[in-house]
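Have the structure open beside you as you read.

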Amino acid sequence: MLSKPVSRRALLGGVAAGAAGLLFSGCTTQRADGKIEVEIVSYKQEAVSIFEQLMEDFNASHDDIYLNITSPADAVTIMKTRFVREDYPDVIGIGGDADYASFVDSAILADVSDCPTSADVQKAYSDILKSVTYVPMDGIYGVPYVANAAGMLYNKDLFEEHGWTIPETWDELIALFERIQAETPDIHPIYLGYLDTWTILSPWNSITINMVPSDLARQVNAGTAKFADYYREPAERMLQLLDYAEDGPFAYSYNDACTAFARGQSAMYPCGSFAVPQILSVNPDMNIGMFAMPSADDPDDRIVVSGVDLQWCVAETCEHKDAVYEVIAFLNEQANVQTYIDDQRAIPCTEGDFTLDPLFDDIQPFLDEGRVLDYLDHSYQSSMACDAQLQTMLLDGDVDAFLEKWDADWQRYNRSVIRKVQDYESQQ
């Protein structure tokens, strides 16, 4: 069982703290026309148009429920502000990340074990969602909807033209980099674009997930391991990538990297499926593939990084869960999921006969077999600025200083989580 949850004010840490005294605004509301209004606030602003279509389809086919989906900019901050005010949306559309873990920990989200749609979720994504919480939880607090994946994006046409093959080991990847440099001096093996520090987390996640225990963060929080014992070799491989990228990658942004890759200036781009719409906006005809980062010692042990990109979480205060569950069931109908994944090039979290974008052809076996693990940074506190720490290490090449600071900062920024984990462990 969990220890007593922290207060909502402790979780939200000052976001709109002055609004805490406002009156409770309720959850699902009754409209003047007699319909129950179900409000969803989603952080997926890039999916506004598809949500508008789904909302229109739902409202046209339901006489008793009105669906209202909003996807505001900086949605998570808005959600936290509303939580402080005790003005909860019925459904919270967020990823399976540290914010989700904090919402669960603060008893903001309802147990949706009784949601019929939960039974259709693929086990791999149910397990990923469970792994995000600080300690094992009783119950289910989100219905996974769609996932994304990260690895190495590659230009399929360039690979076919030059006879390059997908590498399965790190040595094969470096050999491919060397071959590309020798055969096509005008094409970089990879493009990085590290001016935006968050982009550094994509290759870091993909490389490191194959090289460390899957529950390393939990081990560190329990006091049985240190990151320094495992993060040295991944850090050295991150440094190695710099030798095969554009000159001065810290001067180029995420948009620059997407544009360069789209224009054929690099053969590969270590990033995630979320970057593909941006790339195709520059070159709509580009033939893009993705392969698993070949950083495992044994090719058969390779894992694809894949996390819950969007899930439906229900507010604990919601009084009309039956209406909410009807909305979730509609959104998770196979045709509607297919519409979403076609538009966003996403991966469905539910079982079904879906057609995935050709982008995922090379990682389809990993998805089918459930050989996926969550993004490591979903366990990182944003206040620790892990992406900036990685950038500093890549700029100065000082791996020892990086490892020392990472472990020290982890203890500093995760005090409450560490206390909770160690209290839990002591009770087992």
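This is a predicted model: local features need pLDDT of at least 70, side-chain atom pairs count only at pLDDT 80 or more; totals for chains, interfaces and linings use all residues.

The average pLDDT of the protein is 91, and 93% of the residues reach at least 70. Residues 1–26 are another story: their pLDDT is below 50, although this stretch has 48 contacts in the model beyond near neighbours in sequence.

Find helix H5, which covers residues 123–132. Which of its residues are buried? They are Tyr125, Ile128, Leu129 and Val132. These four sit on the same side of H5, because they cover an arc of only 95° around the axis. The spacing makes sense if you remember a general rule: an α-helix has 3.6 residues a turn, so residues three or four places apart point the same way.

What do the buried residues of H5 pack against? Their partners include helix H4 (98–105), strand S5 (143–150) and strand S10 (304–314). Helix H15 (364–368) is also one of them.

Next up is an open sheet of four strands, in the order S7-S8-S6-S9 and with mixed pairing. Strand S7 (188–190) and strand S9 (288–291) are the edge strands, since each pairs on one side only. Going from one strand to the next, the twist averages 25°. S7 and strand S8 (residues 266–269) run parallel and are joined by two bridges. If you want to spot a pair, histidine 188 has serine 266 in S8 as its bridge partner. Helix H7 (residues 170–183) lies across S7, S8 and strand S6 (152–155), and it runs at about 155° to S7.

**Salt bridges**

How many salt bridges does the structure hold? The count is 15, and here are three of them.

| Pair | N to O distance |
|---|---|
| Lysine 44 and aspartate 309 | 2.7 Å |
| Aspartate 400 and arginine 232 | 2.6 Å |
| Glutamate 369 and arginine 371 | 3.2 Å |

Take the pair of lysine 44 and aspartate 309. Lysine 44 is in the loop between strand S2 (36–42) and helix H2 (48–61), while aspartate 309 is in strand S10, so the pair ties together parts that are 265 residues apart in sequence. Are these two buried or exposed? Lysine 44 is buried, with a relative accessible area of 8%, and aspartate 309 counts as buried too, at 14%.

Aspartate 400 belongs to helix H17 (residues 399–413) and arginine 232 to helix H10 (residues 232–241), so this pair links parts 168 residues apart in sequence. Here aspartate 400 is partly exposed at 48% relative accessible area, and arginine 232 is partly exposed at 35%.

Arginine 371 is partly exposed, at 24%.

One last stop: Glu39, Arg82 and Asp87 are linked in a network of salt bridges. Arginine 82 sits in helix H3 (residues 75–84). Is arginine 82 buried or exposed? Its relative accessible area is 14%, so arginine 82 is buried. Leaving out residues up to four places away in sequence, arginine 82 touches Glu39, Val41, Asp87, Tyr88 and Pro89.

Conventions
Residues are numbered from 1 along each chain as its sequence is written. Side-chain values use heavy atoms; hydrogens and water are left out. pLDDT is the predictor's confidence in each residue, from 0 to 100. Contact means heavy atoms within 4.5 Å. Buried means under 20% relative accessible area, exposed over 50%, partly exposed in between (1.4 Å probe, protein chains only). The arc is that of the directions from the helix axis to the C-beta atoms. Two strands pair if DSSP finds at least two bridges between them. Axes are lines fitted to C-alpha atoms, for helices over the stretch in contact, and angles run from 0 to 180 degrees between N-to-C directions. A salt bridge is a side-chain nitrogen of Lys or Arg within 4 Å of a carboxyl oxygen of Asp or Glu.
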